[in-house]
Amino acid sequence: DWMGQVGARVASPLTLMREAVPALRALLEGETVTVDGRYVQLDAVALDWPPVTAPTILAAGEGPKTLTLAGELADGTVIPSGWGVERFATAAAATRAGAGDRGHDHGVSVFLLTAFGDDRGPLLRRSRRFGARRRPQWAIRFEDHDVWDVVLDRVADREIIDDIHVG
């Protein structure tokens, strides 16, 4: 996992999220924050120049507990690409369930790794640099399609996700 790769692995990622997201939200809203948590320790910390309008806070996750907690704590959730339609739908439902009464306003986004070109070989090799171990189910040729149409063909339902980030 990426946290281990950067030397930041924690025993309880859910506890880290439960401590970090509310602290970040409070800081961005211009509050002075004191937290004495397992992973987040802040003593009367405030931003010198908080934003005039606090930005939307997104959390990312894959597992059901993380997705539910992301729904509870964040304004929106980012889920990884490469999943089938059923897994997307399950992830979005878990996230919105965590958001409770805010579920209808809780955005669910997918980051879709995309590469363009005529020869599939180099494109698939490039995708492996980003962690793909086999041909991704979403690796298709985009000829005569715009990205949004192709992604919607694979996801099958605009109600599952709200936004697709192509990178």
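These are my notebook entries on what I looked up in the structure above.

**Entry 1: ground rules**

I am working with a predicted model, in which local features need pLDDT of at least 70 and side-chain atom pairs count only at pLDDT 80 or more, while totals for chains, interfaces and linings use all residues. Residues are numbered from 1 along each chain as its sequence is written, and side-chain values use heavy atoms, with hydrogens and water left out.

**Entry 2: the whole chain**

I began with the secondary structure, taking helices (H or I, at least four residues) and strands (E, at least two) as DSSP runs numbered from the N terminus. The chain has 6 helices and 6 strands, and their order from the N terminus is α-α-β-β-β-α-β-α-β-α-α-β.

I then looked up burial, where buried means under 20% relative accessible area, exposed means over 50%, and partly exposed lies in between, with a 1.4 Å probe and protein chains only. The chain holds 167 residues, of which 34% count as buried.

**Entry 3: helix 2 and helix 3**

How do the axes of helix 2 and helix 3 cross? The axes of helix 2 (residues 13–28) and helix 3 (residues 64–73) come within 10 Å and cross at roughly 15 degrees; such axes are lines fitted to C-alpha atoms over the stretch in contact, with angles from 0 to 180 degrees between N-to-C directions. The two helices are therefore roughly parallel to each other, a term for angles under 35 degrees.

On the side of helix 2, the contact is made by Leu14, Met17, Arg18, Val21, Pro22 and Arg25, and on the side of helix 3 by Lys65, Thr66, Leu69, Ala70, Glu72 and Leu73. I sorted the residues of this contact into 7 nonpolar, 1 polar and 4 charged, with Ala, Val, Leu, Ile, Met, Phe, Trp, Tyr, Cys and Pro counted as nonpolar, Asp, Glu, Lys and Arg as charged, and the others, Gly among them, as polar.

Next I looked up Arg38, which lies in the loop between strand 1 (33–36) and strand 2. Is Arg38 buried or exposed? Arg38 is exposed, with a relative accessible area of 52%. Not counting residues up to four places away in sequence, Arg38 touches Ala11, Ser12, Thr15 and Glu19.

I followed Thr15, which is found in helix 2 and is partly exposed at a relative accessible area of 25%. Thr15 and Arg38 are 23 residues apart in sequence, but their C-alpha atoms are 7.6 Å apart in space. Beyond its neighbours within four places in sequence, Thr15 is in contact with Arg38 and Tyr39.

Pro13 is also in helix 2, and Pro13 counts as partly exposed at 48% relative accessibility.

Lastly I looked up Ala44, whose place is in strand 2 (residues 41–45). Most residues other than glycine have a negative phi. Phi of Ala44, however, is near 55 degrees, a positive value in a residue other than glycine.

Methods:
Parallel < 35°, antiparallel > 145°, perpendicular 65-115°, else oblique. Contact = heavy atoms within 4.5 Å.
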